[in-house]
Amino acid sequence: VSGPGGCTDTFVRTITVRGPQGNFRYDRFIGCTPTTVSFTGITKDTVSFIWDFNDGTVTETFDSIISHVYTRRGIYLPKMILKDPQGCQVSIPGSDTIRIYGVTAKFGLSSQTLCDSGLVRFFDSSSSNDLITQYNWQLGDGSSSTLRNPSHFYRAPGNYPIVLEVRTQLGCVDSTRMLAPVSIVESPIVDMLSDTAACIPAFAN
């Protein structure tokens, strides 16, 4: 502080910032849905832990070790909040993002019901935030295919359940089965019984 005559003075005061200190670690940074991640909090203070997993789930506990299951695809940055008995809270962000991948198998087809025999085309419409690298179709009559969009000719009447399994680059897997099978229906046979010869007028029996 300076006065009118150029005199100065200094005043020093120490300000103490209170609050718990610590950090935390976790054992996985990448995985497929569902992925379980274990978290470990590290602190020397007497605190409770508020765990914010960044997927809408927040848990308060006195345990320094906790696990959480990520069930949705996405990128998450968790944080740990330390809370001391006086109510002071310190938020500590995670060291890195957690990336959760997944795949949902889905498909359509050109025809679900045919007479006697016929060709059916299958169309993959699976979704993923990872690269899909494998397709495994079970076509219901003992045949299979690894093409993304296969075609198959059904030669005999019957009901054929269809299953598609897909796998991604990171090993995420999902499968789906059609609610109703492909149905190949035998056409009815028309037969007429009548006399082979008759006089006009003639009537068929």
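Which strands make up the open sheet of three strands, and in what order do they run? Select β1, β3 and β6: they form an open sheet in the order β1-β3-β6, and the pairing is antiparallel.

**Before you click further**

This is a predicted model, in which local features need pLDDT of at least 70 and side-chain atom pairs count only at pLDDT 80 or more, while totals for chains, interfaces and linings use all residues. Residues are numbered from 1 along each chain as its sequence is written, and side-chain values use heavy atoms, with hydrogens and water left out.

**Stop 1: the whole protein**

Show everything as a cartoon to start. The protein has zero helices and 22 strands; these are DSSP runs numbered from the N terminus, with helices being H or I of at least four residues and strands E of at least two. Now colour by burial: 30% of the 205 residues are buried. Buried means under 20% relative accessible area, exposed means over 50%, and partly exposed is in between (1.4 Å probe, protein chains only).

Switch to a surface view next. The accessible surface comes to about 13500 Å², and carbon and sulfur atoms own 52% of that. Such areas come from the Shrake-Rupley method with a 1.4 Å probe, and for residues only the protein chains shown count as cover. If you draw contacts (heavy atoms within 4.5 Å), take the ones between residues at least 6 apart in sequence: 57% of them join residues at least 24 apart.

**Stop 2**

The edge strands are β1 (22-26) and β6 (65-70), each of which pairs on one side only. From one strand to the next the twist averages 25 degrees; axes here are lines fitted to C-alpha atoms, for helices over the stretch in contact, and angles run from 0 to 180 degrees between N-to-C directions.

Zoom in on β1 and β3, which pair in the antiparallel sense over five bridges. Two strands count as paired if DSSP finds at least two bridges between them. Pick Phe24 and look across: Gly41 in β3 stands opposite. Strands of a sheet pair through backbone hydrogen bonds, either parallel or antiparallel.

**Stop 3: the disulfide and other cysteines**

Select Cys32 and Cys172. They form a disulfide, with their sulfur atoms 2.0 Å apart; the rule is a pair of cysteine sulfur atoms within 2.5 Å, and the count by this rule is one. The link of Cys32 and Cys172 is left-handed, with -85 degrees about the S-S bond. Cys32 lies in strand β2 and Cys172 in the loop between β20 (163-168) and β21 (173-177), so the pair ties together parts that are 140 residues apart in sequence.

Cys88 is partly exposed at 29%, and Cys115 is exposed at 54%.

**Stop 4: backbone details**

Select Thr33 and Pro34: the peptide bond from one to the other is cis, with omega near -10 degrees. Pro34 sits in the loop between β2 (30-32) and β3 (35-43).

Next, go to Asn54, in the loop between β4 (48-52) and β5 (58-61). Its phi is near 70 degrees, a positive value in a residue other than glycine. Asn54 counts as partly exposed because its relative accessibility is 40%.

Finish at Asp116, in the loop between β13 (113-115) and β14 (118-124). Phi of Asp116 is also positive, near 70 degrees, and at 34% relative accessibility Asp116 counts as partly exposed.
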